[in-house]
Amino acid sequence: MGDSKEAGAESPPAGAAARGGLSLLSQGESEEPSAQGSALFLGGNEVKSRAVVKYSSAPPRTAFARLEEKTDLKLPPANWLRESAKLGPAGTTILGNSKKSKPFSSFGMAYDFIDSVGNDVDVVSDSENIKKLLKIPYSKSHVSMAVHRIGRTLLLDELDIQELFMRSSQTGDWTWLKEFYQRLIDQKWQRKKKSKEHWYQKAILSKFLYYSINGDGAAQPVPSAAEQQGPSSSHQATDSDGASWPAPFEMPSSVSEDPSASSQGSEPLEPSYIVGHVASAPKEQNLTTLFNDGENSQGLKNDFVRNILWTFEDIHMLVGSNMPIFGGGRYPAVSLRLRDNNKPINVLTGIDYWLDNLICNVPELVMCFHVNGIVQKYEMIKTEEIPNLENSNFSTKVIKDIAQNILSFLKSNCTKEGHTYWLFKASGSDIVKLYDLTTLCEETEDKYQNPFTMPVAILLYKVACNMMMKKNQNKKHYGTIRTLLLNCVKLLDKSRHPQIIASANYMLSELFQLDEPKKEESSESPLNENSDESYSEEEEELADSDENGSYGTGSDPSDDNKAVAIIKSVGELSVPEKYKSIHQIRPSCTFPVCHDTEERCRLVLSYVLEGLKSVDSSIKKESDLPAADPNTPIPLKYEDESTRGGPEGLEKQMALFLDKMGSLQKGNYSSQSGMIPGSWQHKMKLQLILKSSKAYYVLSDAAMSLQKYGRALRYIKLALQSHDTYCCLCTNMLSEVLLFLSQYLTLCGDIQLMLAQNANNRAAHLEEFNYQTKEDQEILHSLHRESPCQGFAWATDLSTDLESQLSVSCKCYEAANEILQFSDLKSQNPEHYVQVLKRMGNIRNEIGVFYMNQAAALQSERVVSKSVSTAEQQLWKKSFSCFEKGIHNFESIDDATNAALLLCNTGRLMRICAQAHCGAGDEFKREFSPEEGLYYNKAVDYYLKALRSLGTRDIHPAVWDSVNWELSTTYFTMATLQQDYAPLSRKAQEQIEKEVSEAMMKSLKHCDVDSVSARQPLCQYRAATIHHRLASMYHSCLRNQVGDEHLRKQHRVLADLHYSKAVKLFQLLKDAPCELLRVQLERVAFAEFQMTSQNSNVGKLKTLSGALDIMVRTKHAFQLIRKELVEEFDQPKSDESAPAADPSPGLSREEVIKLLSIFESRLSFLLLQSIKLLSSTKKKMSNTEEDVVLKTNKQIYSQLLRATANRNSTLLERIDVLIQLLDQLARGGSGGQ
C-alpha cells in the first residue's frame, strides 16, 4: 500500500527491483505524460515499449488476497457480483474481465483526448482489438473490425457481425451488408451459440476475482439459490444482449454518472458560435438512434478504467484497458490470472498476457492454477519472461514486425477520411481483406444507414475545432483542418444536421485570412511546404499505386472485386519490414493557394452561403420569404425626390442613419424570420453575415485598386447590406464591428469620389454595378429574410449627377467619422481616424472646388455690366463653407500641407469674388472698386495664412512655391487693376501710386526668379512686367509732375532703374521679343523726354547717343521676332495638314507691325536730331571722330527713309533692313562715344 501514491515512476528493466511500475491516480484524475515508461529487453531482442497513463478511474491499488489451497472456486463468495471499484467494469457481470469490445469505444476515447487525434497518435483502440490484430498470424479465429481515418490517426473498433445481423433481422438496418456478407463470404450464415464450457469458465474467473479482493481468502456464506439465480440469469442475458449493436455496455449508476469518466459533462471546447459538445447536439437535433441510448449517450462514452498512451517501437497508440491491477507489499503492480492446471499455456494466451502487461506497464504476472475449480498453487512470472514460457514461446521481434506491417497496410489503404473500412478475416482463413463500407453503402438507397457516419462526422468536426482553437497553430495546419471539415460536411445529411454543417462551413470560411489582403501572397508559401499532417483530397484515389501491388486484387475476382486491399497470407505480416516503405509515407495535404484576392473571397463566400442555407433551412417557417411587415414600406424601383442627388435629401437620410446607430448602442433586436436571440441559429447567422460583409469589403477594395469602380460599388453595397442585417440581428454591438462599418463607409466614400472623377466611363461602371452572380443573389436572399437591407441605400446608389456623387462621398466619410465618435473607437484606432479626417478634408476641398468652378462659369456667362447674381453668391457661400470645414479637418490632425492647399483654394475663391465685382459697372467709367480691394485683401490674408501653416519651404517645397506664386499673382493683379483703373474718384493720385508701388514690390518679393524650376520663366516674365509697369508709372509721374525737383529726380532715377531691370529680365526670355521692344522704345521715349528739358547741345548729344545706343540693343529683339516669323512662314509648307494651327501663339503680327512703325519713326527722329546737332557743332569746331559718326548716321538715315518709303516691302524684309541698319549703327558709333 505504501507505493500507491507514486506517480509516473519508471518501470525498471529486467533484473532490477520492480517498484512503482504504473502511474497511480485517484478516481477522475487525469495525468499528463510525465512518466518515462519502460524499455524492456526481452530474449536478447530489444523491443521498445513505453506506457503513460493519461487517465485512470481506478482506486489506489491494494494487495490481492492469496487464496488457500483447496479453495473451491465453484462456490460463489458473499460479495460476488456486488459493485466493486477495485474490479471496475470487469466485476459487474458474470463475464469477469470482459473480452468483448463495445462499438464506438475508440470514439469515446478520441472525444476525451481530442488533442492527440489526427496529429501525434497512430492508433486509438481498445487493448482487446490491438491484441487481436497482433495475434492474426498465430490465430485461426475470425477478425472483424471497423477502421476510420482521422488525419494520420486510425480508429479501430470491433465490428461484431453476429450482433450486427441479429439487429438487422429486428430493425431492417444493415440489410445491405448482410446480403453482401452472405453473397461473398459466408452464404450459410447463422448465429453461433456459445458452449456451456464457455459460461462455466467465465463464472469461475468472476468468482476467483471476487475472492481475490475479499481479503481473508475464506469462502463466505452464500446467498440463497433464488437470490443467486436472479443476478446470475439476469447477467447472462446481459452478456448476450448487453454488448449488442450498438447498445452500450451496462454500467453501475455511480460510474455512468461520474462526469470525469467521460467528456459528456465537461465544458465545451468550442466558442459560443461553434456547435457545443457532442452531448448537447443529439438532444437538440435527434441525430440518430445512436445518440439516444440514454441520457448520457453511453454508446459514445469512454468507459475504460484507464486510458494509456502506449508507444510500441515507433507506433504511438491511445489504448483503453479494463484489466484489474493489484499491488502492495512486495508486489507494487501485478496482474492476476487464473489457469486450468490440466491445460498448458499456448502461444495465443502468452501473447495476450505479455501485451496486457506491456500496455499497462505491469512488471509481473501472478498465475493461480486450479483443477476443476479447486485452487492448487500460485506462480510469479516477470513480464519479460512470458515470451519464453514452456509451450508458449514467441518472438517479440516478430510481434513488432506484425504491428508495423498491419499499421502500414491500414495506413496505405484506409486513405479516405470519413469512410468506414472493414478489416475482415474469416475463421480459419489466411486471407485478410479490407472493404470500404461507405462506398458499398452509397450503392444502396440510403447512404445514411451506416451508423458510424454520425460519430465519424462529429469526431472530424471536433478535431478540426480543436486545431482551430490553438492560437499558435501555424498556417501549415490549415490544409488538415480544411480536409477534416470538408469530409465532415460530406458525411452529414443537410436536413438532419444543419447546426454542424453551418458551423463547419463557417470554420472553412475562417481558414482564409481576409484581414490582411496585402500580405497574403507572401505568407502563403509555407502552406504547401510542411503540410504533412494529413492527406489531400486530390490524392484520395491513389490507393492502388505500385507500392500497393503486394496486396492488390487476389486471383479470384469474384471474391475480391469489392475489396480495397488484400493480405494474401497472414504469414506475410511476420516478414520484417514487408510494408515498411509505405508506412514511412505521410501523404501531404495541400491548402488551396489563392493567388488572386477575388478567388479567395469567392471561396469564403461559397462557404458562407452554404452555412446560411443550413441556418435558414433549420428555421421553421410557413413560407421561405418573411411576411411583409406592415410598418415597413415596400421598396419600389423609382427614386423619391428626397433620395435623389440633392444634398438636402441626403441630410434627411443621414439623420435617420445616425438615429439608427444610436439605437444600436441600446441593443434593439428586429429579425423578420423569427429567430430567437441566443439560439444557435442566431449566433451562427450573425457570424456568417459578418464574414460575408468582410469578404465583400475585401472584394470591393481589390476592385477599387483595379480601377473597376462600378464593381467596387456593387461589392461595397453587398458588404453594407450584410452589415445592415447584422445590425438588425445584433443584440450587443461590438466596437470591432462598428469599426468595420466605419471602414466600409470610408471605402464607399472613396468609390463614389472616384466615380465622380471618372464620369466619362460611366456606362461601363453602370454595367459592372448592375451585374450580379447567382451566389450573391442567394446570399442577399438570406439577408432579406432578416432585414430589408435598406439602411445604407443612400450611400450605395450609382448616381449620374456629379454634385450628388460628391455629396454622397462626403456623407459616407461623415458617417464613418460619426461612428468613430460613438464609443472609444477614435482613440483605439488613431490611424483609421486620421485617414477618415483626411478624406473628409479632401472631399470638402473637391466639393468646394466644384462650387467655385460653377460660380466662375456663371460669372463668365454673365453680361459684363450686370451686377453679381444671387446664384453666384450662394455658390460662393457653399464653396467657402466646404473649404472652411476641410481646413478644420486638416488642422485637427496637424496636416499643415493639406490645410495650406485648402487655404490657397479659399484665396482663389476670394479672387473669383473680386473678379465678379470688377465686371459690374460701365467699362469707360470703370474704377477699381472697394469690394474688389476687400476680396483681394482677403485672398492675400488666406495666402499668408497658408504660408504660416507651412512654416518653411522645407516642409513641402512644391506647395510653398505654389502658394508664393498665387500670392504674388494676387498682389500683381491688385496693383495692375489699381494702375489701369485708378480709383481717382476716391483717392489722390499720389496715394494710388504709393499703393500700386507697394503691391508691386510685394508681388516681386514673392516672385522667385533665381530658383531653377518649371515656373522660373513665368517668374522672370512676371518680374520683368512688374519692373516695366513701375518704370512706366514713374515715367508717367515725371511727365505729369511740376515743381518738386527732388521728387522729380527720385522718379527719374526709379524709372531708369526699373527700365534697366525690365530689359535685363526680358532679355533672359526667348519668347517675349515684343515686350522687350516695347520697354526699349519706352526707354527711348524717356530719353527724348529728358532731352526736351536739356539746354546745352553737348547734353542733348549725350542723351541722343544714349538713346541710339538703346536702339542698337534692340537688335536682339528683332532677331527673335525674325526667327519666329521665319518659322511661321515655313510651317505651312512642312505641315500642310494643319495650316489652321497658330504657329506662334506668343507673337501678334499686328503688334509687331505697330511696334515696327514706332521704332522706324523713333530711329528716324533720333538720327535726324543727331545729324542736326552734329552738323551745328561741326561748324564751330572740327572733330574727325564726329565726322565719321555724322557720315554713318547720314547714310543710315537715307537708307531708312528709302526703306520706309517702299510700301511694297514685306514685314520680314523691313525687319531685315532694320537689323542691317542697327549693325551699321553699332559699327559706326553714334557720336560722342
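Me: Why is threonine 597 called buried?

Reply: This is a predicted model, by the way, and what follows is computed from it. A residue counts as buried under 20% relative accessible area. Threonine 597 has 15%, so it falls under the cut-off and is buried.

Me: Okay, and where does threonine 597 sit?

Reply: Threonine 597 belongs to helix 18, residues 597-618.

Me: What is threonine 597 in contact with, leaving aside its neighbours within four places in sequence?

Reply: That would be Val698 and Ala702. There's also leucine 699: it is 102 residues away from threonine 597 in sequence, but the two are 7.1 Å apart in space, C-alpha to C-alpha.

Me: How much of the whole protein is buried?

Reply: Buried residues are 54% of the 1233 residues in the protein.

Me: What makes helix 1 largely enclosed?

Reply: Count its residues. Helix 1 covers residues 105-112, and seven of those eight are buried, so the rest of the structure largely encloses it. The buried ones are Ser105, Ser106, Phe107, Gly108, Met109, Ala110 and Tyr111. The cover over them includes strand 4 (123-126), strand 5, strand 6 (153-158), strand 7 (306-312), strand 8 (315-321) and helix 12 (453-469).

Me: How do you know that strand 13 is largely enclosed too?

Reply: Strand 13 runs over residues 420-425, and six of the six are buried, so the rest of the structure largely encloses it. Side chains in a regular strand alternate between the two faces of the sheet. Here Thr420, Trp422 and Phe424 point one way, Tyr421, Leu423 and Lys425 point the other way, and all are buried.

Me: Why do strand 13 and strand 14 count as a pair?

Reply: Two strands pair if there are at least two bridges between them. Strand 13 and strand 14 (residues 432-436) have five, so they pass, and they pair in the antiparallel sense. One of the bridges joins leucine 423 to leucine 434. In this hairpin six residues lie between the strands, and glycine 428 takes a positive phi near 80°.

Me: How many bridges join strand 5 to strand 13?

Reply: Six, and strand 5 (residues 143-150) runs antiparallel to strand 13. Among these partners are histidine 148 and threonine 420.

Me: What makes strand 9 and strand 12 edge strands?

Reply: They belong to an open sheet of four strands, ordered 9-10-11-12, with mixed pairing. Strand 9 (325-326) and strand 12 (374-382) each pair on one side only, which puts them at the edges. For strand 12, the pairing is with strand 11 (residues 364-371), antiparallel over eight bridges. Valine 371 has isoleucine 374 as its bridge partner there.

Me: Which strands does helix 5 touch as it packs on that sheet?

Reply: Helix 5 (residues 196-212) touches strand 10 (334-340), strand 11 and strand 12, and its direction makes about 140° with that of strand 10. Helix 9 (residues 347-359) packs on the sheet as well, touching strand 10 and strand 11, at about 165° to the direction of strand 10.

Me: What makes cysteine 789 and cysteine 882 buried?

Reply: Again, the cut-off is under 20%. Cysteine 789 has 4% relative accessibility, so it counts as buried, and cysteine 882, at 13%, also counts as buried.

Me: Which residues have the most contacts inside the largest nonpolar core?

Reply: Ile150, Leu177, Trp422, Leu459, Ile716, Leu745 and Trp876, in a core of 179 residues. Helix 22 (residues 735-757) gives the most to this core, with 13 residues. A second, separate core has 69 residues, including Leu1030, Leu1069, Met1111 and Leu1211.

Technical notes
Residues numbered from 1 in each chain as written. Predicted model: local features only at pLDDT ≥ 70, side-chain atom pairs only at ≥ 80, totals over all residues. Heavy atoms only, no water. Buried < 20%, exposed > 50% of the residue type's maximum accessible area, 1.4 Å probe, protein only. Helix = DSSP H or I, 4+ residues; strand = E, 2+ residues; numbered from the N terminus. Contact = heavy atoms within 4.5 Å. Axes fitted to C-alpha atoms, helices over the stretch in contact; angles between N-to-C directions. Core = buried A, V, L, I, M, F, W, Y, C linked by side-chain atoms within 4.5 Å.
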